[in-house]
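Subject: Structure handover

Hello,

Here is the structure I said I would pass on.

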Amino acid sequence: MDFAGAYTPDNLKFLLEGFWVTLQVAFISIILSFIIGGLVGIIRYAKVPVLSQILALIVETVRNLPLLLIIFFTYFALPEIRIKLEIIPAAIVALTIFESAMLSEVIRSGLKSIDKGQMEAARSSGLSYTQALIHIILPQALRRMVPPIVSQFISLLKDTSLAVVISLPELTHHGQIIYGQSQKYLIPILILVALMYFIVNYSLSLVAQRLELKRT
Amino acid sequence: MLDFSILTENLDMYLLGFKNTIMSSLVALVSSLILGVLIAIMRIAPIKPLNWLGTAYVEFIRNIPLLIITFFFFLGLKLSGLYAGTLALTIYTSSFIAEAIRAGILSVPKGQMEAARSSGLTYGQAMRLVILPQAVKIVIPPLGNQFINLVKNSSILAVVAGLDLMYHGDLISSRTFVVFDVYIFVAAFYLILTIPLSFGVGYLEKRLAKSN
């Protein structure tokens with residue numbers, strides 16, 4: 001084990017660059033997933049005929065597959081049906097597909113947790129279903145969804161590491177490149193990489209906890 | 001259309017991977033349950049250093065990627081992919097299980113412990129005979145979800161040549177030069193495991209919610 005050799009300024013900078021890619025990919029994916037998952041969740045909550053059944057089937061399938069498989073499939077299998085994605089878009093697409101399915105469930109159960117009387121009262125005071133959804137149900141549900149969405153973001157940050165299988169230049173991959181130079185760097189680099197994930201994720205989990213406490 | 005000859009001609013490899021995925025998941029499930037219960041107990045036992053140790057374990061493991069833990073065992077300790085992956089799965093899942101169990105135990109009203117202690121039971125007896133049986137009901141659905149995650153996460157074995165379903169998919173696709181169809185069948189095998197599990201967990205959640 002060679003800590004001094006592993007923690008040179010160049011290596012640290014290289015790891016931080018990797019971490020920056022991790023954060024960017026995770027952030028873009030969570031935003032896209034929130035939009036797509038939000039739409040899916042709302043459609044399923046509103047029980048739009050046919051569409052919500054089809055979406056339920058897709059969500060259940062995606063949710064029950066390993067993310068690693070989805071990443072692998074997006075990058076290596078889609079070119080066989082002429083959908084060729086570069087590494088970074090492929091990682092974002094795969095993470096977004098998986099995370100949208102997860103978030104749609106968070107959003108749907110958040111919507112369902114709002115008391116039925118709210119919708120009935122809104123409707124009987126003359127709002128249309130859509131108006132009631134937008135002005136009455138969603139604002140209340142969104143507040144409840146924040147903590148689970150933060151925990152999904154933590155999962156996503158960790159899951160981004162799976163994109164090493166398609167050589168996404170993120171934190172874990174940059175770690176691999178450094179300890180690829182010498183076995184002596186392996187443990188020091190694994191420890192440092194773990195700590196970097198830990199610091200960001202733990203801070204986020206504290207934020208989620210704080211928000212949860214505030215609510216109750 | 002899907003080429004089903006890929007499935008039939010490589011069925012033995014698919015099934016071998018499928019079997020290893022099930023075995024690894026089951027071993028990791030049982031060991032992470034045991035470890036998770038121990039850590040949950042450490043976190044709520046009335047001994048401060050143990051609480052601290054349990055919390056540190058859970059918070060650290062939960063917040064780092066499974067892949068890093070796997071690399072530690074595979075590259076650092078030079079275990080075989082199958083062992084390294086299963087061990088990493090155990091460690092990783094145990095932190096989530098510990099957290100689920102702790103939440104379950106804490107949701108049992110405090111009066112239960114006080115009543116049990118004042119009727120002469122020791123802390124250990126009260127925990128075993130009074131608190132845990134009540135906590136089990138609350139804990140079962142989240143544990144079920146953890147098991148589903150465990151089965152999906154077991155695909156991490158493929159990254160370290162762990163002989164699981166994903167890994168065999170990789171072998172088959174390098175043999176047949178087909179990726180798309182090979183992985184559709186791999187996905188089907190995963191769904192055979194995870195879909196019934198999710199339905200089971202959903203059913204339990206509904207039933208337990210009704211009984212409350």
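This is a predicted model: local features need pLDDT of at least 70, side-chain atom pairs count only at pLDDT 80 or more; totals for chains, interfaces and linings use all residues.

Residues are numbered from 1 along each chain as its sequence is written, and chains are lettered from A and ligands numbered from 1 in the order in which they are written.

Chain A

Chain A has 9 helices and 0 strands; helices (H or I, at least four residues) and strands (E, at least two) are DSSP runs, numbered from the N terminus. From the N terminus, its elements read α-α-α-α-α-α-α-α-α. The C-alpha trace of chain A spans about 70 × 45 × 20 Å along its principal axes.

Of the 216 residues in chain A, 39% count as buried (20 or more other C-beta atoms within 10 Å of a residue's own, with C-beta atoms placed from the backbone). Among the contacts in chain A with a separation of 6 or more, 76% join residues 24 or more positions apart. Two residues are in contact if their C-beta atoms, placed from the backbone, lie within 7 Å.

UniProt, in an unreviewed entry, places "domain: ABC transmembrane type-1" at residues 19-208 of chain A. UniProt positions are given in the numbering used here, feature names are shortened, and annotations may be inferred rather than shown by experiment. Over residues 19-208 chain A is 79% helix and 0% strand, with the end C-alpha atoms 21 Å apart.

The UniProt annotation "transmembrane region" (unreviewed entry) covers residues 20-42, 54-75, 87-107 and 185-204 of chain A. Residues 20-42 of chain A are 100% helix, and their end C-alpha atoms are 32 Å apart. For residues 185-204 of chain A the helix content is 95% and the end C-alpha atoms are 29 Å apart.

Contact between chains A and B

The contact takes 30 residues from chain A and 27 residues from chain B. On the side of chain A that touches chain B, helix 3 (51-63), helix 4 (67-77), helix 7 (129-159) and helix 9 (186-215) each supply at least two residues. Helix 9 of chain A gives the most, with 10 residues. By class, this side of chain A has 21 nonpolar, 6 polar and 3 charged residues. Ala, Val, Leu, Ile, Met, Phe, Trp, Tyr, Cys and Pro count as nonpolar, Asp, Glu, Lys and Arg as charged, and the others, Gly among them, as polar.

Helix 4 of chain A packs with helix 9 (residues 180-211) of chain B at an angle of about 165°, their axes 10 Å apart. Axes are lines fitted to C-alpha atoms, for helices over the stretch in contact, and angles run from 0 to 180 degrees between N-to-C directions. Helix 4 of chain A and helix 9 of chain B are therefore roughly antiparallel (an angle over 145 degrees). The contact is made by Leu69(A), Phe72(A), Phe73(A) and Ala77(A) from helix 4 of chain A, and Phe180(B), Tyr183(B), Val186(B), Ala187(B) and Tyr190(B) from helix 9 of chain B. By class, that contact has 9 nonpolar, no polar and no charged residues.

A helix pair in chain B

Helix 4 (residues 66-76) and helix 5 (residues 81-106) of chain B pack at about 135°, with their axes 8 Å apart. That makes helix 4 of chain B oblique to helix 5 of chain B (angles under 35 degrees count as roughly parallel, over 145 as roughly antiparallel, 65 to 115 as roughly perpendicular and the rest as oblique). By class, the contact of helix 4 with helix 5 of chain B has 9 nonpolar, 3 polar and no charged residues.

Regards

How values were computed. A residue is buried if 20 or more other C-beta atoms lie within 10 Å of its own, exposed if 12 or fewer, and partly exposed in between; C-beta atoms are placed from the backbone.
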